[in-house]
Amino acid sequence: MTTNGGFEPVFCTVVPPHVLDRLAKNDDPALSGPARRTLVRDSELRGRRRVTTEFALASAPLAKAPSDQPLRTVYDAGHGTALPGTKVRGEGDEPGRDATVNRAFSGLGATFELFLKAYGRHSIDGDGLPLDATVHYDEDYNNAFWNGEQMVFGDGDGEIFLDFTIPIDVIGHELTHGVTQYTANLTYYGQPGALNESMSDVFGALIKQYTLGQTATEADWLIGAGLLAPGVSGKALRSMKEPGSAYDDDVLGKDPQPATMDDYVRTGRDNGGVHINSGIPNHAFYLAATALGGHAWERAGRIWFDVLTGGDLPERAMFTDFASLTVKAARERFGDGGDEFRAVAKAWEQVGVRIP
């Protein structure tokens, strides 16, 4: 259960709808066809997620993992849409020949390890939830998603997007939606929805940095690096260091993310711009983490995790609510007037989020 009384019926994808919308309007059917099919599939899945959540139809896991070990299972959809598909690798199995399966398996493990070793959290729900993933979902499916129970990865169309298991932060991003689901349960609309997306970007980035052993200075702070096909003018889906700079392409358009509240985007699309305005709290985290230096998961990440899981973050939290709680958490964990307190407070000031 969540700390705030019930699951929010959220279906979370890593590629924003505005990106797929633009692709769907392209004159080239090789680009528009996969995007249109992905949008239709996502719409169907979003509706199914709402029904299963509201009417308690989602099945509960039958087993729990050992407390300090993940329980991973990877399935192959065989380019169909029936979930979970055929089991192709379980915990303890040796790697096979399918690189996609192996990457998914490793990404599940890396996410489990970061949350356990850095924050003492036992899997997504804090209680050893088994980690399931399905690969090779649908034909040319241009997305990856968390459906409230498991991870699902498309292979991409090969024209714009490559295999969605390539960036480990995409895997971490989607699994963190599960952590949010079981903790703060942030409403998936407007600023709380942008915070929901930002939490996934923050911990997706930390999972990549933890796996690579990078400091905040060494990290690229990109979400989805390696996902865009070679012909696309871009480096990733999003940049936490420089929101709005991830891509600028004739087909995809320009990355619309703002870095500060001065450029906050007001829109009714994408659940009130959850994938767009998440750039603001993303940038605040980057500023705090790089100001502190060292490994970002140790201090800045600890503060963000404390707020996400502490029970005080409202489901409909605004940016100011979250910012205030991070300053409070920095003070409580690291002391009033310390480097952590100053770095976090200054980061929110730099992105234009006022702390009451």
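This is a predicted model: local features need pLDDT of at least 70, side-chain atom pairs count only at pLDDT 80 or more; totals for chains, interfaces and linings use all residues.

Colleague: Which residues have the most contacts inside the largest nonpolar core?
Modeller: Phe 161, Trp 221 and Trp 304, in a core of 94 residues. A nonpolar core is a set of buried Ala, Val, Leu, Ile, Met, Phe, Trp, Tyr and Cys residues joined through side-chain atoms within 4.5 Å. Buried means under 20% relative accessible area, exposed over 50%, partly exposed in between, with a 1.4 Å probe and protein chains only.

Colleague: Which helix gives the largest share of this core?
Modeller: Helix H3, residues 99-119, with 10 residues. Helices (H or I, at least four residues) and strands (E, at least two) are DSSP runs, numbered from the N terminus.

Colleague: What lies apart from it?
Modeller: Another core, of seven residues, including Phe 11 and Tyr 137.

Colleague: OK, Asp 306. Buried or exposed?
Modeller: Asp 306 counts as buried, because its relative accessibility is 19%. Asp 306 lies in helix H8, residues 300-309.

Colleague: What does Asp 306 touch?
Modeller: Ala 329 and Arg 333, leaving out residues up to four places away in sequence. Contact means heavy atoms within 4.5 Å.

Colleague: How do H8 and H9 cross?
Modeller: At roughly 115 degrees, with the axes coming within 9 Å; H9 is residues 319-334. Axes are lines fitted to C-alpha atoms, for helices over the stretch in contact, and angles run from 0 to 180 degrees between N-to-C directions. Among the residues making the contact are Trp 304 of H8 and Phe 322 of H9.

Colleague: New topic. What order do the sheet strands take?
Modeller: E1-E5-E6-E4-E2-E3, six strands in an open sheet with mixed pairing. Two strands pair if DSSP finds at least two bridges between them. E1 (12-13) and E3 (86-90) stand at the edges with a single partner strand each, so one side of each has no neighbour in the sheet.

Colleague: And how do E1 and E5 pair?
Modeller: In the antiparallel sense, over two bridges. Thr 13 has Phe 145 in E5 as its bridge partner.

Key:
Residues are numbered from 1 along each chain as its sequence is written. Side-chain values use heavy atoms; hydrogens and water are left out.
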